[in-house]
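Reader: I have a structure to go through. Can you take some quick questions on it?

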Amino acid sequence: MQLHSIQTGHKDLIHDIQYNFFGNRACTVSSDQVIKVWNTSTGQNDRQKWELIDSWKAHDASVLKVCWAHPEFGQLIASCSFDRTVKIWEEQDDESSPSQKRWKIVGTLSEDFFAIQDLQFAPNHLGLKLAVVGENGMLRIYEALDVVNVGKWALM
């Protein structure tokens, strides 16, 4: 078995990597405050090849976690950080790749006092919901008020 590595280009510790629903994309997040999105394709000899499609400064502190929403809701990712925010990002198909503009921030959830340690979208049959947990141990579940316009979320 041959092992292959990918030079991510992150300038600091990588905290998380998550595949999308289909397994053909991945996101990495790091202490360098950057999110990177990767696509995969099959190269020669059926070897999987990863290509960076976008990279951007996403937060004002280390980015700890990232997750993909179910594709039923479009190309959405959520990220959380020591800066006490959760940001919801939506892919803009009309932007070139990589442009640092391909992923647009469409929503921000803020916590007043505690860093966000983890987050996860709910299974799609429950609707567009996002669970977040802060370093104080408090679990909060948010729901998008409109799954077409994902900029507004309500605490459940």
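Reader: Is Ile 141 buried, partly exposed or exposed?

Author: Ile 141 is partly exposed, at a relative accessible area of 34%. Partly exposed lies between buried, under 20% relative accessible area, and exposed, over 50% (1.4 Å probe, protein chains only). This is a predicted model, where local features need pLDDT of at least 70, side-chain atom pairs count only at pLDDT 80 or more, and totals for chains, interfaces and linings use all residues. Residues are numbered from 1 along each chain as its sequence is written, and side-chain values use heavy atoms, leaving out hydrogens and water.

Reader: Which element holds Ile 141?

Author: Strand 11. Strands are DSSP runs of E, at least two residues, and helices are runs of H or I, at least four, numbered from the N terminus.

Reader: How many helices and strands in the protein chain?

Author: Zero helices and 12 strands.

Reader: And the largest nonpolar core, how many residues?

Author: It has 21 residues, and those with the most contacts inside it include Val 86, Phe 121 and Trp 153. Such a core is a set of buried Ala, Val, Leu, Ile, Met, Phe, Trp, Tyr and Cys residues joined through side-chain atoms within 4.5 Å. Among the elements giving two or more residues to this core are strand 7 (85-91) and strand 9 (116-121). Another core, of 13 residues, lies apart from it and includes Cys 27 and Trp 103.

Reader: What is Val 86 in contact with, leaving aside neighbours within four places in sequence?

Author: Its partners include Cys 80, Leu 109, Leu 119 and Val 132; contact means heavy atoms within 4.5 Å.

Reader: How much of the chain counts as buried?

Author: 42% of the 156 residues.
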